[in-house]
Amino acid sequence: MHTHIMPREMPDFARKFGYGDFIMLNHVEPGMANMMQGRRFFRKITENCWNPEMRIAEYEQFNTQVQVVCTIPVLFSYWAKPEDGAEVARFLNDDIAKSIEPFKKNYVGLGTLPMQDTDLAIKELQRCKELGFPGVQIGSNINDKNLDEPEFYPIFEACQDLGMAVFVHPWNMMGMDQMKKYWLPWLVGMPAETSRAICSMVFAGIFEKLPDLRVCFAHSGGSFIPTIGRIEHGFNCRPDLVAIDNDVNPRDYLGKFWVDCITHDADALKCIIDKVGSEKVCLGSDYPFPLGDLEIGKFIEDMNLPEKDRNNIFCHSSLDWLGNPLNL
Ligand SMILES: [Zn+2]
């Protein structure tokens, strides 16, 4: 339920809008492209980033039949002017819908929203529903604003009302400028980002106000679950700082939201299952990127989990989170 896809060609949005480091692709050789952020090289990607047929064949090697696809967070473009961001989102959403249309049994799409503008985001959310997506992916922060900011609440409310699931993915990692070496934004920043998102939503009481909102957090919820003891202790010892908007213990939310299984570590995953229950742990891979679990689910196969837990992780949890999009 956590894989990334992008269009084979990106329009020259920078030229069209007259500003900004929008993502472009330079196809340098067959099956390989340089992803450019303005003039800066961002990363090399291969054909499985944009070719739906090739992805199905690669997935079959791991006995996986269905991929939930969403855009690559660097394409969110939340920093763009609202109307321009909305145009980028429409382009990306239409592209996903078109790419997966011939392969309905193999794909479920998640949309992206121009989160920099509440009204435009809700408008695009409605369009995502019309395109047949069961949910949307959003960033762990929106231009450095946390998800508890009042401007995002109507979007979450609309997600609940429309029955649209939400996938929260880390991006625009805090501390990027202070940790340029050793891939630290991905190794240290991403887990912290996801905890930042969960804490913001929990402490703001969003899950209290919107009990039917279905949210899944990437990378097993980042550092939130492993540090829940500290977060709970902080809530108890300094309620004047922590419990100002919601007086419910953050531990009570374990088991109310979903996470993916991307831990790369059997003991860590056991702990996650212990804390939230296997019915809230979904099979994610972060395919096709190298930091993902590219031998999809193999470490879980090797864990000898009870059949019920395996079935939840490999299938049922994702269907529950997404509201059974395949009508199984
Ligand atoms: Zn990802």
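1. A helix crossing is called left-handed if the near helix is turned anticlockwise from the far one by less than a right angle, and right-handed if clockwise. By this criterion helix 3 and helix 4 cross in the right-handed sense. Helices (H or I, at least four residues) and strands (E, at least two) are DSSP runs, numbered from the N terminus.

2. The model is predicted: local features need pLDDT of at least 70 and side-chain atom pairs count only at pLDDT 80 or more, whereas totals for chains, interfaces and linings use all residues. Residue numbers start from 1 along each chain as its sequence is written.

3. The axes of helix 3 and helix 4 come within 10 Å and cross at roughly 15°. That makes helix 3 roughly parallel to helix 4. Axes here are lines fitted to C-alpha atoms, for helices over the stretch in contact, with angles from 0 to 180 degrees between N-to-C directions. Angles under 35 degrees count as roughly parallel, over 145 as roughly antiparallel, 65 to 115 as roughly perpendicular and the rest as oblique. Pro82, Ala86, Ala89, Arg90 and Asn93 of helix 3 make the contact with Leu120, Glu124, Arg127 and Cys128 of helix 4; a contact requires C-beta atoms, placed from the backbone, to lie within 7 Å.

4. Helix 3 (residues 82-100) has 19 residues and spans 27 Å from its first C-alpha to its last, close to the expected 27 Å; the expected span is 1.5 Å times one less than the number of residues. Its buried residues include Ala86, Val88, Ala89, Leu92 and Ile96, where buried means 20 or more other C-beta atoms within 10 Å of the residue's own, exposed 12 or fewer, and partly exposed in between, with C-beta atoms placed from the backbone. The buried residues of helix 3 pack against helix 1 (13-17), helix 2 (52-60), strand 5 (67-70), strand 6 (107-112) and helix 4 (118-130). Asp94, also in helix 3, counts as partly exposed because it has 14 C-beta neighbours inside 10 Å.

5. Helix 4 and helix 5 (residues 153-162) pack at an angle of about 20°, their axes 9 Å apart. Helix 4 is therefore roughly parallel to helix 5, and the crossing of helix 4 and helix 5 is right-handed. Among the residues that meet are Ala121, Ile122 and Leu125 in helix 4 and Ile155, Ala158 and Leu162 in helix 5.

6. An open sheet of three strands has the order 2-3-4 with antiparallel pairing. Strand 2 and strand 4 (40-46) are the edge strands, each pairing on one side only. Strand 2 (residues 23-29) and strand 3 (residues 32-37) pair over six bridges; pairing requires at least two bridges found by DSSP. Ile23 stands opposite Gln37, and Leu25 stands opposite Met35. Strand 2 and strand 3 form a hairpin with two residues between them, and Gly31 in the turn has a positive phi of about 80°.

7. Most residues other than glycine have a negative phi, and most peptide bonds are trans. His219 has a positive phi of about 50° although it is not a glycine; His219 counts as buried, with 23 C-beta neighbours inside 10 Å. Asn304 likewise has a positive phi, near 50°, but Asn304 is exposed, with 8 other C-beta atoms within 10 Å. A cis peptide bond, with omega about 5°, joins Tyr287 and Pro288.

How values were computed:
Two residues are in contact if their C-beta atoms, placed from the backbone, lie within 7 Å.
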